[in-house]
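Dear colleague,

Here is the structure I said I would pass on. My notes on it follow below.

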Amino acid sequence: MTKRHGYAVLSALVALVIAVSAGIYVTVAADDGTPRNTLAAGRPHRDSQAAPASTGTWVGAWATAPVAGEPGTEATGLAGRSVRNVVHTSAGGTSARITLSNLYGQSALTISHASLALAAGDGTAAADAETMRRLTFGGGTSVVIPAGGQVVSDAVRVTIPHGADVLVTTYSPTPSGPVTYHPHARQVSYVADGDRTEDATGVPYTEQTPYWRYLTALDVLSNEAAGTIVVFGDSITDGITSTAGANRRWPDVLSGRLRGALEDGQQLPRYSVVNEGISGNQVLADGLGRPAENQSGLGRFGRDALSRTNVKVVVIALGVNDILRNRRLADPDRIVTGLRTLAGQAHARGLKVVGATLMPFHGHRGYTPAREAVRQQVNAQIRAGGVFDAVVDFDKALRDPYDPRRLRPEYDSGDHLHPSDLGYRTMAEVFDLRTLKGAGQAEL
């Protein structure tokens with residue numbers, strides 16, 4: 001072959017590659033996620049297997065911690081029923097994926113059908129039909145999750161706004177149990193008989209539930225957030241006394257504050273916020289069972305905090321149950337050592353850690369002067385530094401100035417331990433957003 005002939009062949013190959021690349025680009029750019037077909041039953045869905053057309057960063061839009069196996073589901077689980085979880089997003093995006101957990105299952109869980117859609121409104125099982133997407137797992141609509149395991153869905157292209165209610169629905173055709181759940185959702189979700197996964201009307205969903213089942217995370221491909229804040233705590237973070245369905249847990253309010261500050265032009269990190277609180281959770285002690293129900297903070301930190309999508313900052317508000325639930329007098333040094341261990345694990349992953357002081361509980365049935373002394377000792381060590389990178393002093397912000405052992409009456413839900421909606425809002429308002437700066441660059 002002559003040199004001139006070789007150049008001609010090379011030029012032709014280059015031209016062919018450019019033409020093929022341009023064709024691929026046009027095909028992807030033209031695919032806006034509109035329906036390709038319709039199911040025989042008339043249920044709308046969108047192709048979930050196309051790669052996301054837009055660039056962005058995967059972040060956690062919502063998450064919760066698996067707590068235990070749901071009582072009453074040991075034998076059959078929720079076989080033959082559709083579970084429609086309602087979750088509220090802290091960040092928007094152009095694609096989404098979910099995580100399903102069978103952590104407390106004693107047998108394999110078969111999910112034969114799953115979907116995702118925006119809710120048609122507040123407090124409803126009805127979906128916006130145009131946003132209904134069928135979810136896949138490794139390209140297939142069915143997935144088997146082994147006992148103790150979890151699975152992440154394929155990404156589905158859908159526009160999800162921040163502050164939106166999203167419906168994530170699963171259907172399991174065969175018995176398996178117990179059902180892995182989060183009992184104190186402070187959000188009404190729904191259940192229907194039969195496979196109603198892609199039903200947009202919401203009519204078959206006649207049963208309401210205060211639980212989240214199977215679902216532990218919703219991630220989005222976002223252009224508005226560049227990382228995730230994980231709030232790791234107990235019932236106060238779980239928002240157990242907040243108004244149900246109103247998203248007034250203090251991490252919800254913190255998310256709104258951060259978004260508002262960014263919209264006002266403040267130079268702050270663009271982070272989403274996810275809530276990994278478990279009511280009754282302790283730093284040191286596990287619950288009963290194998291795997292342990294309500295696993296200790298030390299035991300679940302890797303799963304519920306470090307493994308969250310693109311986590312940058314962990315906020316730790318934990319320790320009061322180590323005092324209240326210990327039949328003996330808790331050792332403040334052991335609690336603080338546990339908190340330091342959590343912070344050290346986060347630092348090893350390049351994450352920043354903000355820690356909270358323990359709020360007062362005089363008037364609660366578990367109060368004793370000796371337990372109050374332990375709380376004061378834990379708080380003194382937290383304030384002195386050497387435990388966390390930064391401290392948010394919830395104790396100082398919410399205690400009664402006339403009796404620092406108590407919550408201020410307007411911040412007290414009535415049980416003298418958990419805040420009211422106003423108390424939760426105050427917690428978020430005293431959080432110094434500037435402490436979020438300087439986080440690590442870990443991509444998890």
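Leaving out residues up to four places away in sequence, Leu218 touches Val59, Gly60, Ala61, Trp62, Val87, Thr89, Ala96, Arg97, Ile98, Leu116 and Val166 (contact means heavy atoms within 4.5 Å). The model is predicted: local features need pLDDT of at least 70 and side-chain atom pairs count only at pLDDT 80 or more, while totals for chains, interfaces and linings use all residues. Residues are numbered from 1 along each chain as its sequence is written, and side-chain values use heavy atoms, with hydrogens and water left out.

Leu218 also belongs to the largest nonpolar core, which has 34 residues; Ala96, Ile98, Leu100, Leu116, Ile160, Val166 and Leu218 touch the most other members. Apart from it lies another core, of 33 residues, including Ala63, Val230, Phe232 and Val387. A nonpolar core here is a set of buried Ala, Val, Leu, Ile, Met, Phe, Trp, Tyr and Cys residues joined through side-chain atoms within 4.5 Å. Buried means under 20% relative accessible area, exposed over 50%, and partly exposed in between (1.4 Å probe, protein chains only).

A search of the whole structure finds 6 aromatic pairs. Rings of Phe, Tyr and Trp (its six-membered ring) pair if their centres lie within 6.5 Å; planes under 30 degrees apart are stacked, over 60 edge-to-face, and the rest tilted. Phe232 and Phe301 make an edge-to-face pair, 5.0 Å centre to centre with 85° between the planes. Phe232 is in strand S17 (residues 227-233) and Phe301 in helix H4 (residues 297-306), so the pair ties together parts 69 residues apart in sequence. Helices (H or I, at least four residues) and strands (E, at least two) are DSSP runs numbered from the N terminus. Both Phe232 and Phe301 are buried. Arg300 lies over the face of Phe232, at 4.1 Å from the ring centre. The charged end of Arg97 sits over the ring of Trp58, 4.1 Å from its centre. For such a charge, NZ of Lys or CZ of Arg is within 6 Å of the ring centre and within 35 degrees of the ring normal.

Asn379, in helix H7 (residues 369-384), is buried with a relative accessible area of 0%. A polar atom of the Asn379 side chain lies 2.7 Å from the backbone nitrogen of Leu358. Not counting residues up to four places away in sequence, Asn379 touches Thr357, Leu358 and Asp395.

Met132 is in the loop between strand S6 (113-118) and strand S7 (133-134). Met132 is buried, with a relative accessible area of 1%.

Regards

Conventions:
A polar contact is a pair of N or O atoms within 3.5 Å; within protein, one must be able to donate a hydrogen and the other to accept it, and residues adjacent in sequence count only if both atoms are side-chain atoms.
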